[in-house]
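This report describes a single protein structure. It covers model confidence, overall architecture, pairs of charged side chains, the principal pocket and selected backbone features.

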Amino acid sequence: APAASPEAAGPLEGVTGVMAVLGVSNLEASLAFYCDKLGFTDSWTFGSPPGYGGVKVGEFEVHLRRVENVPPGSGLALYVTVENVDALYARCVGNGVRIVDELGLRPYKMRDFTVADPDGLEIGFGQPAG
């Protein structure tokens, strides 16, 4: 194999962001879930009819892409660290969000819980255990 050029070696530099792109069966329903139920903000869509969109939480963005036949819980997951996991858990329960794993202290020193979005994709929310 040819030797890598100096530009092709070493750490990747200049990255300004990384976001997850989740496949969803109903873009509008998913945007509503992430914003109305979980509290993400600044939803946007692209295309007519929309086939792609996104939501923000703090400085972070999650993109949603409409796909056919989303396998439930297709191995994709998000994990979001938060400052007040108890308040977010209460919000999710109050909004009727499907809880996959109840709030609890984990061996990996996080207090967290997991929910499922309308397509069964799992979103964990955790806070470092004091």
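## Model confidence

The mean pLDDT of the protein, the predictor's confidence in each residue on a scale from 0 to 100, is 87, and 90% of the residues reach 70 or more. Confidence is lowest in strand β5 (residues 77-81), with a mean of 88, and highest in strand β6 (residues 98-105), with a mean of 96. Where pLDDT is low, the predicted coordinates should not be read in detail.

This is a predicted model, in which local features need pLDDT of at least 70 and side-chain atom pairs count only at pLDDT 80 or more, while totals for chains, interfaces and linings use all residues. Residues are numbered from 1 along each chain as its sequence is written, and side-chain values use heavy atoms, with hydrogens and water left out.

## Overall architecture

The protein contains 2 helices and 8 strands; these are DSSP runs numbered from the N terminus, with helices being H or I over at least four residues and strands being E over at least two. Read from the N terminus, the order of elements is β-α-β-β-β-β-α-β-β-β. The C-alpha trace spans about 55 × 45 × 25 Å along its principal axes.

Of the 130 residues in the protein, 31% are buried. Here buried means under 20% relative accessible area, exposed means over 50%, and partly exposed lies in between, with a 1.4 Å probe and protein chains only. Among contacts (heavy atoms within 4.5 Å) between residues at least 6 apart in sequence, 49% join residues at least 24 apart.

## Salt bridges

Side chains of opposite charge can pair when their charged atoms come close.

Arg-111 is partly exposed at 30% relative accessible area, and Asp-86 is partly exposed at 36%. Another salt bridge is formed by Arg-106 and Asp-112, whose closest N and O atoms are 2.6 Å apart. Arg-106 is partly exposed, with 22% relative accessibility, whereas Asp-112 is buried, with a relative accessible area of 3%.

## The largest pocket

The largest pocket holds about 410 Å³ of space. A pocket is found on a 1 Å grid over the protein atoms alone, as an open set of points where a 1.4 Å probe fits, with protein on both sides within 12 Å along at least five of seven lines; lining residues have an atom within 4 Å of a point. Grid points are joined across faces, edges and corners, and the volume is the space filled by probe spheres set on the points.

The lining comprises 21 residues, of which Phe-40, Val-57, Phe-60, Val-80 and Thr-81 are the closest to the centre of the pocket. Strands β4 (60-66) and β5 and helix α2 each supply at least two lining residues, and β5 gives the most, with 4. By class, the lining has 15 nonpolar, 4 polar and 2 charged residues; Ala, Val, Leu, Ile, Met, Phe, Trp, Tyr, Cys and Pro count as nonpolar, Asp, Glu, Lys and Arg as charged, and the others, Gly among them, as polar.

## Backbone features

The peptide bond from Ser-48 to Pro-49 is cis, with omega near 0°. Pro-49 lies in the loop between β2 (41-46) and β3 (52-57).

Asp-42 has a positive phi, near 50°, in a residue other than glycine. Asp-42 is located in strand β2 and is exposed, with a relative accessible area of 52%. Lys-109 is also a residue other than glycine with a positive phi, near 65°. Lys-109 occupies the loop between β6 and β7 and is exposed at 63% relative accessibility.

## Surroundings of Val-21

Val-21 is part of strand β1 (residues 20-24) and is partly exposed, at 36% relative accessibility. Apart from neighbours within four places in sequence, Val-21 is in contact with Tyr-52, His-63 and Arg-65. Val-21 and Leu-76 are 55 residues apart along the chain, and their C-alpha atoms are separated by 9.5 Å.

Key:
Salt bridge = Lys/Arg side-chain N within 4 Å of Asp/Glu carboxyl O.
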